[in-house]
Each structure stands twice: as structure tokens, then as C-alpha cells.
Amino acid sequence: MPEERRTARDSGLDTERERLLQTRFAAEAGRLREVRQQVMDAAGRAGLAAEPAAEIALAISEACANIIEHGYGGRAGEAIVLTVDREPGRLVFVLEDDAPRIDPAKIVSRDLADLRPGGLGVRFMREIMSEVSYLPGPERGNRLELVKEL
């Protein structure tokens with residue numbers, strides 16, 4: 001699947017917002033390592049140290065894993081679009097997919113006392129990020145916005 005990357009220089013964004021990354025990638029678990037690295041690189045360009053950049057990359061990776069597993073049901077040939085923008089005092093991460101629309105009220109995090117593998121991605125996202133918003137996509141699919149206040 002072709003991958004697209006854009007920077008602020010070629011995005012036409014105003015000076016209040018700088019596009020640090022825009023990429024479209026196959027919705028496959030094997031791509032998540034590369035996505036984490038791209039997120040860490042973008043966070044580093046925004047001035048974040050390695051540890052908070054890695055935490056953000058974990059949150060984004062967990063969100064992508066949820067899209068792959070729950071949104072697309074692991075179907076091959078699907079895609080996710082990730083954009084990262086720097087705005088005054090914050091980083092904005094947007095994940096867009098074409099999966100069936102989700103009901104945000106049904107998205108719950110598992111209790112930490114429930115010791116078993118998996119099911120903690122939503123908790124990680126909410127603890128690491130300042131804001132997490134589940135929205136319908138513009139025409140179909142879903143849009144997940146994650147904000148990290150700097």
C-alpha cells in the first residue's frame with residue numbers, strides 16, 4: 001500500500017498549526033512498530049523528550065491495534081490514516097478509518113484488577129493523553145482524536 005507523508009511546508013496549514021506527519025498505512029499489526037517510530041520522531045520534532053514521546057507512541061499504537069482488531073476485525077486490505085499536528089501548547093493526533101462506525105458509549109476500559117492479557121489500550125490512551133475523542137468520520141468510518149497538552 002502506498003504511503004503518503006506530508007510536512008508543514010507542503011500542507012498549506014496556517015502558522016498556528018504545523019503538520020508534523022501525515023501517513024496512510026495498511027491496517028496490519030506488523031506495521032505498528034514503524035508507526036510507533038514515526039510518532040516518536042514527530043513528537044521529538046515537537047520538542048518532547050524520549051520518554052514522553054514513547055508514551056504517546058504507545059497510546060497511538062494501542063489505538064491502531066484497536067482499529068485493526070475491533071474496527072476492521074483483522075480484515076486484510078484496510079487502511080488507517082494518521083495525522084500529527086502541533087498547535088500552540090499541544091499536539092493533536094488524528095486516526096481515521098473506514099471501519100463500521102462505533103458507539104463511543106460502548107468503549108470501556110477493563111478494570112486493572114481483572115488480570116488477563118489485552119483490554120488495556122483504552123486505559124493507556126486515556127491515562128497518557130490529555131483528551132481522547134471518538135467521532136464519526138466525515139462520510140463513513142471513524143475519527144479518533146487524541147490530544148497531548150505540552
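A residue is called buried when its relative accessible area is under 20%, exposed when over 50%, and partly exposed in between (1.4 Å probe, protein chains only). By this criterion, 39% of the 150 residues in the chain are buried. The model is predicted: local features need pLDDT of at least 70, side-chain atom pairs count only at pLDDT 80 or more, and totals for chains, interfaces and linings use all residues. Residues are numbered from 1 along each chain as its sequence is written, and side-chain values use heavy atoms, with hydrogens and water left out.

The chain holds four helices and five strands. Both kinds of element are DSSP runs numbered from the N terminus (helices H or I, at least four residues; strands E, at least two). Their order along the sequence is α-β-α-α-β-β-α-β-β. Contact is defined as heavy atoms within 4.5 Å. Of the contacts between residues at least 6 apart in sequence, 59% join residues at least 24 apart. The chain exposes about 8400 Å², and carbon and sulfur atoms supply 50% of this area. Accessible areas were computed by the Shrake-Rupley method with a 1.4 Å probe; for residues, only the protein chains shown count as cover.

Helix α3 packs with two helices, α2 and α4. Axes are lines fitted to C-alpha atoms, for helices over the stretch in contact, and angles between N-to-C directions run from 0 to 180 degrees. Helix α2 (residues 32-45) meets α3 at about 140°, with the axes 8 Å apart. This crossing of α2 and α3 is right-handed. On the α2 side, the contact is made by Leu32, Val35, Arg36, Val39, Met40 and Ala43. Helix α3 contributes Ala53, Ala54, Ile56, Ala57, Ile60, Ser61, Cys64, Ala65 and Ile68. By class, the contact of α2 with α3 has 13 nonpolar residues, one polar and one charged. Here Ala, Val, Leu, Ile, Met, Phe, Trp, Tyr, Cys and Pro count as nonpolar, Asp, Glu, Lys and Arg as charged, and the others, Gly among them, as polar.

Helix α3 (residues 50-71) and helix α4 (residues 121-128) pack at about 145°, with their axes 9 Å apart. The crossing of α3 and α4 is left-handed. A crossing is left-handed if the near helix is turned anticlockwise from the far one by less than a right angle, and right-handed if clockwise. From α3, the contact with α4 takes in Glu55, Ile56, Leu58, Ala59, Glu62, Ala63 and Asn66. Gly121, Val122, Phe124, Met125 and Ile128 make the contact from α4. The residues of this contact are eight nonpolar, two polar and two charged.

Within α3, Asn66 is partly exposed, at 23% relative accessibility. Leaving aside neighbours within four places in sequence, Asn66 is in contact with Gly71, Gly121, Val122 and Met125. Asn66 and Val122 are 56 residues apart in sequence, yet their C-alpha atoms are 8.6 Å apart.

Helix α4 buries Gly121, Val122, Met125 and Ile128. Seen down the axis of α4, these residues fall within an arc of 145°, so they line one face of the helix. The arc is that of the directions from the helix axis to the C-beta atoms. The buried residues of α4 pack against α3, β4 (131-136) and β5 (142-149).

Thr83, in strand β2 (residues 79-87), is buried at 8% relative accessibility. Beyond neighbours within four places in sequence, Thr83 contacts Arg19, Leu21, Gln22, Val92, Phe93 and Val94. Val147, in strand β5, is buried at 4% relative accessibility. With the neighbours within four places again left aside, Val147 contacts Arg90, Leu91, Val92, Met129, Ser130 and Glu131. The C-alpha atoms of Val147 and Arg86, 61 residues apart along the chain, are separated by 9.9 Å.

Two arginines were also examined. Arg45, in helix α2, is partly exposed, with a relative accessible area of 46%. Not counting residues up to four places away in sequence, Arg45 touches Leu20 and Arg86. Arg45 and Leu20 are 25 residues apart in sequence and 7.7 Å apart from C-alpha to C-alpha. Arg17 lies in the loop between α1 (8-11) and β1 (18-26). Arg17 is partly exposed, at 31% relative accessible area. Outside the four places on either side in sequence, Arg17 is in contact with Asp85, Arg86 and Glu87. Arg17 and Pro88, 71 residues apart in sequence, lie 7.3 Å apart, C-alpha to C-alpha.
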